[in-house]
Amino acid sequence: MKIHENNFISELRNKNEKALYFVIDNYGWIIKSTVKKSLYNLIGHQEECINDILLAIWDNIDSFDEDKNSFKNWVAAISKYKSIDYQRKYLKNLKDENIENTELVSPENLLEKVLEKDVQNNLEKLLAPLKPEDKKIFLMVYLEEKDFDEISEELRISKSILYNRLSRGKKKLKNTIQDIETRRI
C-alpha cells in the first residue's frame, strides 16, 4: 500500500512502519529544527531526543485528533515538550554532578594533551616497521626506562636476545628515519 498525505495517519494507527517513514520524510524538518533550537548546547543528545519524539508519535498516534489540531502542530508540540524534558534531564544531571570530580581543561593542559597525542602518533609511525615483540622491548627500554634484568625476567628471554633485538630494531629505525629524511629533500 502506498502511503500518502490522506492515509498516513490511519496507517500509523495500524502500526505500518512505512507511515512512520512518511512522517520522517515530510515532518522530520519540524522535529529537527525544534530539537536543534531547544538543545543547541546538547549536540550529543539531539539524536536521542529525535528518536524519542518519533517513538512518542508512534506510541501516541491514537490520541491525535484531526478535528482539534493539524498533524504538523501536533508533531511540533510533541517535539517541543520532549526537548524541554531533555533540557530538564540535563540540568538535573548537572545539579547532581559533583564539582570536585569535574576536570577543567586550561589552555596549557589542552596544549599539553594535543602535544602528547601528537608525540604518541609519531612514535607509533616510527615504530611501525618493528615486530610487536620488538616494539614492546623498545617501549620498555626507552619509554618506561626499565633495566635489562627486569625486562629479561618479565619477557622471559635472555639478555643476549634482548640486546640482539634492540640492535636489529635500531638498524631498522635508522633506515626508516633515513628514508623519511631523503623523502623530505
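## Helix packing and salt bridges in a predicted model

Glu-17, Leu-20, Val-23, Ile-24, Ile-31, Lys-32, Val-35 and Lys-36 of helix H2 are in contact (heavy atoms within 4.5 Å) with Gln-46, Cys-49, Ile-50, Ile-53, Leu-54, Ile-57 and Trp-58 of helix H3. The model is predicted: local features need pLDDT of at least 70, side-chain atom pairs count only at pLDDT 80 or more, and totals for chains, interfaces and linings use all residues. Residues are numbered from 1 along each chain as its sequence is written, and side-chain values use heavy atoms, with hydrogens and water left out.

H2 spans residues 17-38 and H3 residues 43-60; their axes come within 10 Å and cross at roughly 135°. Helices here are DSSP runs (H or I, at least four residues), and strands are E runs of at least two, numbered from the N terminus. Axes are lines fitted to C-alpha atoms, for helices over the stretch in contact, with angles from 0 to 180 degrees between N-to-C directions. H2 and H3 are therefore oblique to each other; angles under 35 degrees count as roughly parallel, over 145 as roughly antiparallel, 65 to 115 as roughly perpendicular and the rest as oblique. The crossing of H2 and H3 is right-handed, a term for a near helix turned clockwise from the far one by less than a right angle.

UniProt lists residues 45-89, in an unreviewed entry, as "domain: RNA polymerase sigma-70 region"; such annotations may be inferred rather than shown by experiment. Over residues 45-89 the chain is 78% helix and 0% strand, and the end C-alpha atoms lie 11 Å apart.

The whole structure contains seven salt bridges, each defined as a side-chain nitrogen of Lys or Arg within 4 Å of a carboxyl oxygen of Asp or Glu. The table gives three of these.

| Salt bridge | N to O distance |
|---|---|
| Glu-144 and Lys-146 | 3.4 Å |
| Lys-146 and Glu-154 | 3.0 Å |
| Asp-149 and Lys-159 | 2.5 Å |

Asp-149 is partly exposed, at 44% relative accessible area, and Lys-159 is partly exposed at 35%. Here buried means under 20% relative accessible area, exposed over 50% and partly exposed in between (1.4 Å probe, protein chains only).

Glu-144, Lys-146 and Glu-154 are joined in a salt-bridge network.
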